Each structure stands twice: as structure tokens, then as C-alpha cells.
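Let's take a walk through a protein structure together, one piece at a time. Keep the picture open beside you as you read.

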Amino acid sequence: MKRIGVFICHCGSNIAATVDCAKVAEAAKAFPGVFFSSDYKYMCSEPGQEFIKDSIKKYDLNAIVVASCTPRMHEHTFRKTLANGGLNPYMFEMTNLREQCSWVHSDIEKATDKAIDLVRMSVAKVAKNEELFSTTIPVHKKALVIGAGIAGMQAALDIADAGHKVVLVDREPTIGGKMPMLDKTFPTMDCSACISTPKMVEVAQHPNIELMAYSEVIEVNGFIGNFDVKIKTKAKYVDHVKCTGCGLCETKCPKKVPNEYDLGMGLRSCIYKPFPQAVPNKPVIDAQNCLKLTSGKCGVCARVCPTGAVRYDDTESFITDTFGAIVMATGYDLYKWEDVYGEYGYGKYPDVVTGLHFERMVNASGPTGGKIKRPSDGTTPKTVVFIKCVGSRDSAKAKSYCSRACCMYTAKHAHQFVDKTPEGNAYVFYMDVRTPGKAYDEFYESTLRDGAVYLRGRVSKIYQDGGKLIVKGEDSLIGKQVEVAADMVVLATAMVPSAGSRELAQAVGFLPDLNGWYQEAHPKLRPVETPTAGVFLAGTCQGPKDIPDSVAQAGAAAVKVCGLLSKSELETNPMTARTNTTVCSGCGICVSVCPYKAIQLQSITERDHHGHRITRNVASVNNGLCQGCGACTVTCRPGAIDLQGFKNDQILEEVDSLWT
Amino acid sequence: MDVIEEQKWEPKILAFCCNWCSYSGADLAGLNRMKYPENIRILRVPCSARVNPQYILRAFQKGADGVLVAGCHPGDCHYSTGNYYTRRRFLIMKRLLEYSGIDPRRFQARWVSGAEAEKFRTTVTKLCEDIKAIGPNRKLRGLK
Amino acid sequence: MKTIAKSRINEVLDILAKESKVLVPMKVNGVSKYTPWGSEGRIALEEVNTLLPPKDTLFPQTEKMYSYKMANQEITELNIHDDSAPQIIFGVRPCDMQSIKCMDDVFLTKSFVDDFYKNKREKLTTICIGCSRVAPTCFCDSMGVDPGRHEAADVQMYDLGNSYGIEAQTEAGQALLNKLQGLIQEQAGELTAVSCTLKVDTSGISDKLAKMFEHPIWKEVSRKCIGCGTCTYLCPTCYCFDMEIKNNGNEGYRFRCWDSCMFSEYSRMAGGHNPRPSKNERIRNRFLHKLEFFNERYGKNLCVGCGRCLSKCPVNVDITLFIDKIKEVAVDEPV
Amino acid sequence: MSDTTVKMRDIAKDLLDKGTVDYIIGWEKGRFSNQSPPAFITSAAHVGRLIWDEYCLAGTAKYLLDDKFPTGKIGIFARGCDARAINRLIQDGQINRENIYIVGICCSGMKDPATGNTAEKCQYCTHPNPIVNDILLGDPVPETNKPERFKAIEELERLSPDEKYEYWSKQFEKCIRCYACRNVCPACNCRECFVDQYRVGWQGKQNNEDENRLFGLTRVYHIADRCIECGECARACPMGLPLMELNRKLIKDINKLFGPYEASMDTETTPPLAKYNLEDIEEFM
């Protein structure tokens, strides 16, 4: 027989201001099975929890209902309180009086009536609760980091330094991501490559890191501590064991194509490394363009290769491995402004470029050897217009969010331009200047002092007039139309989630937010975790960031991983499906709907009513795999398979209680 | 129900919300202090796929004036595929309810993500308005 | 004898309905059953007997027994339920009249009195109409019932073609006739004796069955049974019931409702054990109950030969064929 | 005596003599000429009881559940509906194909014992020829998909909510909860029916319109994607509830929503409610 205790939390005035907590507590006294009921200012506080523990003893309670905030907040807290009070932590139900009652209603009488109903539901449910006990599952002490940009590399290094094995996967032929493409980093103006490429090397040489460049994660099964992952390595056509990376092949390759790494501004051979300091520092063959692979002719690289490393018959290969944790570090892409910004010419004016083009231009190792040149005619621009928030903060046309890094890198670009072109003019059209960060605003101020002209307003039109780009816009501060005849226009385009990141998230088993960024488990309290246990977030895949933030978050994710991998086993959630074998007829429908392949038909031998030995099939659930979704329970007509903690009779009682 | 009762009648609407999306969407509505009618009673389930269509029959039998089943958007299920089954089940149950004479406005299924507090608010508000308009449910109601 | 013109039956029912509920064989959306006079439906006296037996009038399929209220985990209110009221049941056939006698035995005799039944029974006046024709599935005379009349009825009526002969057999019956003075006239009437076309010989069957508990015949006769409750629920004499509580928060009620020994769940015990695990045992129980156990206890069969079960069983499990079979099998000592 | 009857008896005799089967399930005459209930023939001496006429209405397949773990093979005469019922039981993991010997009979339909007209369950039969059998009797009967079998449903769909409710109230008010519909149904093969789970309390035992309706709607939902349209439920119902008007409603919707599907035409196809399609129609946005 249940002896239920009910505790109504005021949450200061958060609940008490709209719900008459005393009245609710009084009403609860009359509910079937309730032997104690009271209200209290802060249930989650130390004294509040003590109050529960004392009441358990004093009134010999064996089931507890706490009506306070959302269970997503404090369910765990109170479960522990019960455990400390000597009860099974699952003899507990929580009523959401704050987020789903007091905060969304204003009529005290009605809100109180509703609160009473909500508590009645919890009491009805807890009356059917049963003691549950968790089991344990092993943890594979190996981490998978997906994406080897600065965030991925940092996370991998931190985990590896802590002594855990890491597999670092990147789909590009080289690791490093976007950072090495940049010239200088704000606000300190130190060389981006100079600080990122050493990290790349460190990663490559770390004994605990297994690098898998030119590879993609294609399948993820399992669960925290035990993710079974299938990874595809694309065909490189070069045997990286034999290859010394001497680069002879690249110089001899007869066909040159635009180099993605320079955003098409420079050329590369068809057997290539994306850039000189690439890691691994060994080439791959671009099968789309290679003459040998497309037409069968050529074969020069194979001929010149001193180690005979070129293998035209190379094919993609697959490995599967098991990991205890996964770090998502898939980074960002730039918004395709050409598709929507007609006023900027839909990309038909060659001298309207993005910030990343500009980075490659000013980069000494870039296609122009560090000279700022107009893509159209290679001349040095005298007047450059920088336009911020292209695609960002533009809910009408593109993205509503702020891309966070643009204000600073635009300031950097303007600074670099006037720096390299003393007689040049830099105009920056902006909506706001956002420079929150150490030494950020100082940097912006210095750019102003350098002579960059900031105009507050959006650009309404750009059109070609002879050799010039006429930029029409408004200076909203003086309320005047302005027109600038520019030689080049640089767009600070929005960051968007990198291509394929949504599919990858679904493969891993969690969901991106509305903009496609990876959703953290809690915006404030769990910023580097995903809702899927054992999967963590690093860098811009979670949302636009600059380098310092990405690196910091990567470190945070690494710590979470290390915490997980430091355990050799984990407690499982006991709220999983369970079969009543006397009722189960072994039809197997539940097996087909389980997303975790956690249910199997298992044959049992028993005696039938007449005493004959019979062997029949029943559903059996693997608690390690079962995540407790309950999809199986609904397919089971007689309810032979039921979900612990959300059993059919519990839910039916909740429903019934509303109309008693 | 006599006229006087009729006048002070307030509908009682049961909303099954999946823990990961719709329930947290409702929580977010709370965080944002959005207001919606008091008539909604949320029942938390791990996944919309846990909602047995028999619960809906039961709710109406007990006296529910309306029932809402809310889950993650297709493709966004925390359990990756649960809501695809939910979708099929309730496409069928919705039609069966209608066929047996329940006013289709009394039962709704909706996808509400954890970010869609506003959608949660508008959904339940609209549902309430509809049901206030059609009045108390007298169908399927069993003897208490 | 006293007669009433068939053309004036409605008037008779109108008069009787003034003072109490009058149940009349009617066809209500496709189903013939005893229905309160005045409700929608067509009076169906031409049917030999109704699809649903009159059992429900005295022993409702679902019957509230008592209701309770609770507060602070204590019972504060307990009300025995009694919805009995004066009732007249009109046009009961002799077989169904016999079934009421069987239920009287069960619910009123042998030092056990069921108040719920008693209250209803005492307030019930029965008007029996003798059968002027029989259905092919009728075999009441094989069960010792006279298709033409039943002595237990308060009022007995006979079909005389254009009119009904009518006579009171009890004081209650006489009192009832007095109310119909204006409609009753004296006239000579010819009673045509009828008898069933379906005959079974039940002599000595009870004693024989007593020796057949372990007989292999049960497996054979039960084989095609699908284990539904059609036979028992349409049977005018099957009186098995279950009792359950309908709790609703702090209040609720206990009710009893028909149950069927044909259901596997009927004899399942709390622990899950089932003394009648298969239809083999269940069919045996039903037939033995009807033809042996009841005989032993009350000296009559619990079958009145109305034929409802054999006409409605989805797979034609047929008690008359069973009786024939019993006659054939040889049994000396218990097996 | 029809020559199918003769063939039936010959085959049964042969199977029993050779010991291919332990017993065979067919039909025999009942007490009245319009009754041909199921029969269980255990020895060649009794094959003379077997009959094939226009009153062999009852399904034979459900009896296989009475003997799920047979010592030898079970012989069974199966019409189109019985064959699909057998598939149903195999797919639901209740019986093994190896344990049964199916004598298929091409069936041109039965008569309603009460009226002598074509039985309703046969009027709308889409597969009179057994889709699974070990040996086939008679010549295949022409098959059509009988779109008219949904006419009654379409008419009901046109009613207003109140009219619909009124219609079903009249029906469920009649139900006596004898569960004949469940017990004849080959798709109802649970070890323990939800109505019998008094501990969980899916369903009240009271007989009133609403509990009856709850049972009726749950029953049809439970067989939604598994009903083989044998029509046994409606035939068995002593109170004449038009149960196929519920079953076919769901069959119709499932076909419309999730693509053409007929239950138990094979034993592999996963029932539509146990799978999904990313492109399923979206009404819940």
C-alpha cells in the first residue's frame, strides 16, 4: 500500500505569485494514498530536501510527489533526495507548476485549479510506481572527433594528452579546417598559419591520436560508452605509406585546375596537396579531373614517382570501430550570398568578393603572394568597400542570427588594406559594430585611426560602371544617401553550418536547431553536450564563433569526454522496456519498430496448462541498448512489453485522475 | 449539463507532450512568460511514440473535451524514428475517431520542437478556442 | 373463457403502463428483446421467442451493488444500490418463464437470498403467452416445459387467432386482470395443443453424466467451440457473474456483471493458475452445469429448450446433438 | 453430393491413411440443413463426415491456435479466406508452416443460413482462391478487387459527426460483449486480450454503450493493418453489428495513406503501422 507524500514548492514567488500553494497542498491531502502534504518556499534548497527526508521518516512515506519546476531541471535532484531519505529514487514523480503553470497563467484561481489537477495526475501516477534499479554498461575508452578544424584538433589534443585514444576524422585531404586559410588573426595580428599548422603537426605526431584525413563517418549505432561507428576513407590513389611527400608528382602533373583552397583564385595540379603545409603532407589525386582516371591517358605522376606510390586502382575503404564518446566539430561554411543578394550583383561582378577571398589575397602564401589584387584585372584596388552582415541579421532574406566574427575580421581587413595601400580608401558599411572581447574594441578603434571610414547603413545597390563598382547606400547617422565608386567590394558573409552536418547529426542521433546548428543539451548549463548522451560539441558546428571561443569550447568538450572515459562503466537508465513473458505471444512486431535494435525474439521453454513442455518465442529487451522511447509498447496489443516508469497503468491512471 | 453549468463550463484539454521537444517547448514558453489558456493539462511521455491511441479513447471516455498529441518534428525525434510511427498511428486514429462521430476538432496531433515555444502557445490557444466554440464533449463519455 | 381482442393489445399495454413499467417483446434496431412499452420499436409478438432473454429484467448484465465515498483514506459513505420498481413483463414464452423459475431457485432458495434479485422479483408481474407455433430450434417440451402454458406465470394467455385467451394464475395476476375489465370479454375459445419438432431424450442423462467427468467425449464435443460467450449471454438461465469495483478517485461503486464460463479468463485465479485451462474443461463445465449439477441441487435442468444457443452459436455447438451423443456412449463405471 | 466433397474425403482419407497428418480440419453437416460447422477428422474411418456445401461458413484456421505445438502435422481445408488467415498466424509467429498441410479449396462463396442469399462475408471476398496451399481442390474462381466493398464506408463518411455518432451508438448499444468477434478473428491471436487485463484496466467490464464502443474501437485498431477481411467477426456477431464497416474503414484509409496493401498475402511484408516512410503524408505541421 502506497503512503504518498506531496510537497508543493513556492519557488520563492515564481510559483506562489500565481498559484495558491497552501490551497494546493490542502487539496492534495484528500487525494487517494496521500498521507502527508505540505507547501514550502524552496523545495530544491538544502532545508527543502531535508524537509522531504524528515517527512519520509516521520510519516513513513514510500512515494513522493514534488510540485515545483520542470522535471527537466530538478527531477534528478529530488531522486537523489529520495535515495538519501532511504527510498528508491524512482518512487518519485514531479509536477511542473512553474514553467507549465504559474509562468504561463495570470488568473490565480484558475492557475490554482490547474495546479491541483496537475498534482492529482502525479499522485495518481506515483501510486503505480515501482522500485527500479539501474544496471551498468561498459565504456570503451576511445573517443571519436569528427572534423579536424581548430576546434576538432584542440579537442583531440586535449583528450589525447589526458591519455585517451582518439580517432580524428576529416573529410578533406588535409586537416586544419579554415584557420590555416586565414592570413592574420585579430586582435593580435599574429599569423594564422603560424599558430595553426604547428597544431596540425602536433596532432599528426601525437601517439594517442589516429588521424583519418579524407574520410567520412557514414554510420553510427549504439549508445554512450559504446558507439559503433563506420568510417569511409575515400580513394586517394596514392599509397601514403610509400609516399614521401616529395612533391615531384605535383610539379609534373600536366593538368591544372582551380584550387579550392584558394577559392578558385589560384591553380593546382590534379595530384595535389591543398596547401604546402598540409597534414598529412602527402598528395591525393582528384579523380574528377585526373587525365589518367578520366581518359586513361597520361599517368605521368606514376612514372615520376620515385617510390611508386601512385595507385590508380585505389578504392575507398571502410573501417568500423567502437568509441565511448563522440565530439562533433564539423565547423561552418560561408553563406551562398550569390543566390539571394541581387543588389550586390548575384556574384556576376568579379570584384565583389567575400572576406575569405580577401584573406587568401592578403595571405603571403596565397594565390597573389599577399598582394591585394582585383580578380577582374589584377590591378591593385585604391578604393575598397567592406559590407558587413551579408546574410547575417537579415531575417527577411537570409539568416536572422549574428555571425559574431565578422565585425572583427572586417575591421582587420580594413586595417590590412589601408596598411598595405597607404593611399587607399577603405569604406565599411555596417549595421552595428559588435566588439565584445578582450582587446577587440581597442582593435576596432585603431582601425578607425588608420583611416577606415565607417558608414552606418545598408548598401542598397552595387553596379558596374566602367572599371568601377558604384556602391549606393545610406549613411543613417547623417540620414544621407552615399555613393562610393569602389575598385573592389568585400562582403562579410554569414556563417552557416557546414554542408552535410544535418545528415551527420541524424546519423549520430540528435537534432540540429532551426538554423541547422547543432543544438546543445541546455543553452546555459550544458553548452557542449547534445541531448544524446556521449556526444559533445566543439567549435562553430554549435553556432558562429571566432577562434578563441572555438578553442575554449573544444577544451570544454574534451573535459566532458575525459570525464566520461575516466569511468570504466556507466549506470544505465532503468526506465527501459520490459516484457511480461506470460502475456507476450512472440509476434515480434515490437522488434521491427525498435530504433536501437534492442529487442530480440528469444525462445523460452516452459510447461503449458496441461503440463506439457513447450518452447516458444518471447520478446526480450537489451537494457544497454534500450533508450526508453516506448515505441514498442504501442505496437504491443496486449501490452506485454511495457516501459518502466511510463507503464500503461501509470499513464491510464494519470488520464483518469483528471476527471475524478 | 444544465444551462448554468453550461455557462461556467471550462473545457479540460489533455496534451501528451514528448519529453525532448514538445514538453521542453512548453517549458520554453514558460521561460518566456508566454500566456495561454489554463485549460491545458500536459502529460509528459518520453516520446510521442509512447502515446498509445487507446489513451486518447480513454481520455474522451473519461470526459476530455479535447486531446493533443505533440512530438518532435519528423527527422528530429530524440529517438530518431519514434515520431514517424506516431505519424502513421495517428493519421489512422484521427480518421477512426472522426468516423465514429467525434468532432475532428477535438483531437489534434502537432509537431512542436523544443525551440517552438510560440508554436506551442498558438497551438494550444487555438485548440482551446476551437473547443470552447464547439462546447463540452458528450460523446464517448462513459458512466463515471 | 376470458379473452382480449388482439386488436386491443395496445390499449391493454397503455393501461398497464400507467402504473408500472411494462416490458414487451419488441424489435429495436434489428434486435428483438423485452423493451419498455412506449419506447421506440415495433412490438414483436409474432416471434416465437426474443433474441435476448428476459433474464436482464431481474438480473441485469451490469448491476450496481453499492457506491462509496472516501476522504483522507477513510470510507465516509456507503450506499447499497436498489433500483427495483414495479414491473410487468408481457408476452413471456413458457421456456423463458421456466428460466425465471430456474433463477428463482438460484437467487432465492437454499438458504441464500440475493436481495438485488429479490427486490426486483417481488415487484415483477409475469404475463406468459403460450406458443401457438414453434421454431425448428425449439425443444422446450423435451425439457419438461409445456409450450402452451406455464403455471408459474401470474397471468397466462393463449393465442386464439384474433384474440388472446387470458386467465389469472395468482393474486397478482387477478389484480392485474381487474384493471383490464373493460377490455375483457367472455367467449368460447379452442386451445390448439402444440409440440416441438426438435426432440431430445433427457431421461437418465443427469445420472449418466455424473459418471462421465473424465470421459474423452468432452475433447470431441468441445473441439469446435471458439470460446465466445454467445451461448451463455443469450441463454435465459446462465446466471454466472463477476464482481468488480469501479474506482474514481475518492469515490466509486461495486457492480456485478454477467460473466461466461466459456471465457478462458473466467476461471483464471489471481496467481494466474487456471483450473479450466482449455475449452475442453470449459465446455464440460457448461454442459454438466446445465444437465447434471443443477439437477442435483435443484431437481431440474438448467436448460429450458429455448434454442437460442444452437441457433446463434457461430460454429453450431448444439446441446441437443450433445444430449443425443450422451445417449449413445456406453458408460458403466466412472472412468 | 458435390464432387468437391468426394475429393475432400478422398484426400482426407489418403492423408490420414498415409499418416501425413494426425487429423484434418474441415466441415460437416450440423443438425439443420443450413448448418455446416467445422469438423475434426482424426481417422480415415470418419472422412465420410466431411462435407463441402454452401453453408461451410466458419473459418478453419483459428483452430490451429488450439494445437500450436503439434506432435505431427495438422491437415486443414482452406478457402481463400482461411489461407490468408493461416498466413496471418504464421506471420504473427503463432504457428509454423511446416506443422500444417493445407488442402486449398477454390471457393465461390457461401450462403447466409437465415436468408439463403450469398453470405455477406463472401459478397466482398477479394481472394476466393487459397494463396497458400499444399494441394488445390477445384478450379480457380475469377478474382476482382471489389471496390464496391467500400461503398458502405463512403456513405458513412458522408454523415455529419453527430449522425455518425448516432449510427454507431445504435450499434454498440446492441453489443453484449460475448467477444465472438474477437474469438473467430485470426488477427486476434494474443495470449491474453487487453480486455482481460483487469490489473492494467484498459477496459471496464460494465456492459454499457460507451465501454462497448471503447472495446469496438480498440478491437478494430488492434487489427487495423492485419485484418484479412474474412468477415468472420460480422458473421459471428449474434447481435448483427456491422463490424466490417469498422475494419474496412481502416483498410481503406491505410491503402489511401500508405499505399496499396492487403494483409497476409504473404508472411514477410511488415504491416504498415509497424513501419514508416519519410515521405508519409504530413498533417501535423
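Which strand does strand 6 (residues 142-146) of chain A pair with, and in which sense? Keep in mind that you are looking at a predicted model, not an experimental one. The partner is strand 18 of chain A, and the two run in the parallel sense, linked over four bridges. If you zoom in on this pair, you'll find A:Leu144 standing opposite A:Ile326 of strand 18.

Strand 18 has another partner too: strand 29 (residues 535-537) of chain A pairs with it, again in the parallel sense, over three bridges.

Most residues other than glycine have a negative phi, and most peptide bonds are trans. Where does this chain do something else? Look at the bond joining A:Phe186 and A:Pro187: it is cis, with omega at about -10 degrees. You'll find A:Pro187 in the loop between strand 8 (184-185) and strand 9 (190-191) of chain A. Another cis bond runs from A:Val279 to A:Pro280, and its omega is near 0 degrees. A:Pro280 sits in a loop as well, between strand 15 (271-272) and strand 16 (284-285) of chain A.

A:Cys11 isn't a glycine, yet its phi is positive, about 45 degrees. This residue lies in the loop between strand 1 (4-9) and helix 1 (21-29) of chain A. Is A:Cys11 buried or exposed? It counts as buried, because it has 23 C-beta neighbours inside 10 Å and the cut-off for buried is 20 or more. A:Tyr214 is another non-glycine with a positive phi, this time about 55 degrees. Its place is the loop between strand 10 (209-212) and strand 11 (215-223) of chain A. With 20 C-beta neighbours inside 10 Å, A:Tyr214 counts as buried.

Next, let's see how chain A meets chain B. How many residues does each chain bring to the contact? Chain A brings 41 and chain B brings 38. On chain A's side, the elements that give two or more residues are helix 4 (98-102), helix 5 (108-126), helix 17 (631-635) and helix 18 (648-657). Sorted by class, the chain A side has 20 nonpolar, eleven polar and ten charged residues.

Helix 18 of chain A deserves a stop of its own. Eight of its ten residues are buried, so this helix is largely enclosed by the rest of the structure. Among the buried ones are A:Ile651, A:Leu652 and A:Val655, as well as A:Glu654 and A:Asp656. What covers the buried residues of helix 18? From chain A, the cover includes helix 5, helix 17 and strand 34 (641-643). From chain B, it includes strand 1 (13-18), strand 2 (40-45) and helix 3 (53-62).

On to chain C, which has eleven helices and 13 strands. Its radius of gyration is 22 Å, close to the 20 Å that the globule rule gives for 335 residues, so chain C is as compact as a globular protein of that length. Along its principal axes, the C-alpha trace spans about 65 × 65 × 40 Å. Buried residues make up 43% of the chain. Of the contacts in chain C between residues at least 6 apart in sequence, 68% join residues at least 24 apart.

Our last stop is chain D, which is divided into domain 1 (3-137) and domain 2 (147-274). The C-alpha centres of these domains are 24 Å apart. Where they touch, 21 residues of domain 1 are in contact with 18 residues of domain 2. On the domain 1 side, helix 2 (80-91) and helix 3 (120-123) of chain D each supply at least two residues. Helix 2 gives the most, with eight residues. By class, this side of domain 1 has ten nonpolar, five polar and six charged residues.

Key
Residues numbered from 1 in each chain as written. Chains lettered and ligands numbered in written order. Predicted model: local features only at pLDDT ≥ 70, side-chain atom pairs only at ≥ 80, totals over all residues. Domains from an automatic or database assignment. Contact = placed C-beta atoms within 7 Å. Nonpolar A, V, L, I, M, F, W, Y, C, P; charged D, E, K, R; others polar. Rg over C-alpha atoms; globule rule 2.2 N^0.38 Å. Buried ≥ 20, exposed ≤ 12 C-beta atoms within 10 Å, placed from the backbone. Pairing = 2+ DSSP bridges.
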